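Q: Hey, I'm new to this one. Could you walk me through it?

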Amino acid sequence: MFANREYRALYLSLVTNWVGDYLARAAITVLVYQQSQSVLLSAAAFAVSFLPWIIGGTLLAALAERYPYRRVLIVADIYRMALIALLLIPHVPTPVMLLIVFLASLGTPPTQAARSALQPLVVGRDKLAMAVATNTTSVQAAQVFGYVAGAALATALSPQVALVIDVITFAVSAGLVAAYVRRRPAAHARAHRSHLLRESAEGFRLVFGVPTLRAIAIMVFVLTMFAIVPEGLAAAWAAESSGDPATQGLNQGLIMAAGPLGYVVGGVLINRLAGPSRRDLLVRPLAVFSAFALVPAIAAPPAPVVAVLVGLSGFAQGGVMPTLNGKFVLILPHGYRARAYGVMQTGLQFSQFGAVMVTGLLADHFWLPLVVGLWSVGGVIVLGVLARRWPRPAVFAAAAEAAAAAPTTPPAQPPARPSVATTSITPEAP
């Protein structure tokens with residue numbers, strides 16, 4: 001797969017983008033908590049990058065199918081690079097800084113949608129599952145490095161150092177795509193276009209109208225809703241556990257990086273050692289375990305133990321998400337991938353944003369470990385219900401075969417539901 005020059009460029013672009021983003025996110029979270037001493041505001045600083053997906057992510061993602069994917073990737077990188085560079089101006093007020101971060105994040109939906117839709121064209125359907133697993137695991141590894149380095153730089157040096165690196169990564173990403181990704185026509189030709197709102201709505205109808213896609217979507221939304229909380233509250237958790245700034249930075253980095261690190265380990269071990277049928281069987285127990293692993297946080301263990309719990313939760317996610325991602329992409333017909341990706345990311349970001357904000361608000365009034373522990377108990381219950389209703393593997397296989405046989409030119413209306421017999425619904429996918 002890495003012998004493919006286009007895939008190498010897309011892969012390196014993806015990794016450099018995410019390293020810079022996570023560096024900046026960790027640094028901004030530290031800065032806001034230092035200035036406000038508020039768990040809620042710190043959580044808001046972490047969650048502000050979710051807002052573009054929530055407010056207009058599906059519309060922005062639909063744009064990716066109106067223009068060549070290569071052009072979308074380059075323009076979005078340059079746009080974000082210019083805005084993040086504004087944060088390097090001395091003495092930018094915190095509200096203005098958060099506004100700039102939000103505006104820069106508006107470039108994320110079309111970028112991620114274009115990259116997701118371009119990937120099957122670059123590697124082919126036969127290598128798509130491996131490409132998805134490789135990208136997902138690598139993003140988590142980038143997250144580990146970005147969170148640890150960002151927290152350390154913010155506490156030991158300055159948040160601006162992390163922001164400089166973020167600006168550089170956008171320039172590198174745009175250069176890689178411009179140099180090595182070949183030009184292709186837009187997936188949604190002008191003759192097939194309608195109103196942007198209508199095209200966006202077609203993505204919603206596809207994802208939530210096809211039972212297999214709907215099942216994947218719901219599982220992903222719920223799973224991440226409970227798994228994201230320690231990451232979003234890490235700055236406040238670390239500050240409450242120690243009065244030493246150096247120790248706070250280390251503890252924050254440990255908690256924020258533990259989930260992605262566990263994800264990498266789980267993704268590598270389970271997706272390498274277990275065959276497709278075994279991975280299908282592991283979806284339900286691992287989904288439930290992702291929330292169950294965080295329940296002991298209610299006992300307020302020290303930060304290293306919290307990091308271990310978060311790592312175990314991340315391990316379960318790493319064993320589940322690549323399987324669900326691969327299923328989701330294979331079921332999508334060509335011409336709808338960017339829009340469906342936009343729908344998934346909008347739901348994913350909304351669930352994470354809501355979870356971080358609600359638990360941050362609760363932690364401002366109640367004991368933080370109690371909030372996380374009880375939130376995780378709720379996750380075990382909800383995921384247990386979804387696991388019981390998860391469709392059979394044969395249903396997913398039939399849906400993927402139907403998508404493979406679909407025409408490559410998108411019709412005026414989204415494809416009808418497959419005639420394959422389906423079981424109860426349960427979601428998951430990114």
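Q: How much of the chain is made up of buried residues?
A: Buried residues make up 58% of the 430 residues in the chain. Keep in mind that this is a predicted model.

Q: Switching to aromatics: how many pairs turn up in the whole structure?
A: A search finds five aromatic pairs. In one of them, the ring centres of Phe-2 and Tyr-11 sit 5.0 Å apart, with the planes at 90°.

Q: What kind of pair is that, and why?
A: Edge-to-face, because the planes of Phe-2 and Tyr-11 are at 90°, and anything over 60 degrees counts that way.

Q: Which residues are in the cluster linked by ring pairs?
A: Phe-2, Tyr-7 and Tyr-11.

Q: Is Tyr-11 buried or exposed?
A: Buried, because its relative accessibility is 17% and the cut-off is under 20%. Phe-2 is partly exposed, at 38%.

Q: New topic: where does Arg-279 lie?
A: Arg-279 is in helix α14, which covers residues 276–292. Arg-279 is buried, with a relative accessible area of 18%.

Q: What is Arg-279 in contact with, leaving aside neighbours within four places in sequence?
A: Arg-279 is in contact with Ile-270, Asn-271, Ala-274 and Thr-323, once those neighbours are left aside.

Conventions:
Residues numbered from 1 in each chain as written. Predicted model: local features only at pLDDT ≥ 70, side-chain atom pairs only at ≥ 80, totals over all residues. Heavy atoms only, no water. Phe/Tyr/Trp six-rings, centres within 6.5 Å; stacked < 30°, edge-to-face > 60°. Buried < 20%, exposed > 50% of the residue type's maximum accessible area, 1.4 Å probe, protein only. Helix = DSSP H or I, 4+ residues; strand = E, 2+ residues; numbered from the N terminus. Contact = heavy atoms within 4.5 Å.
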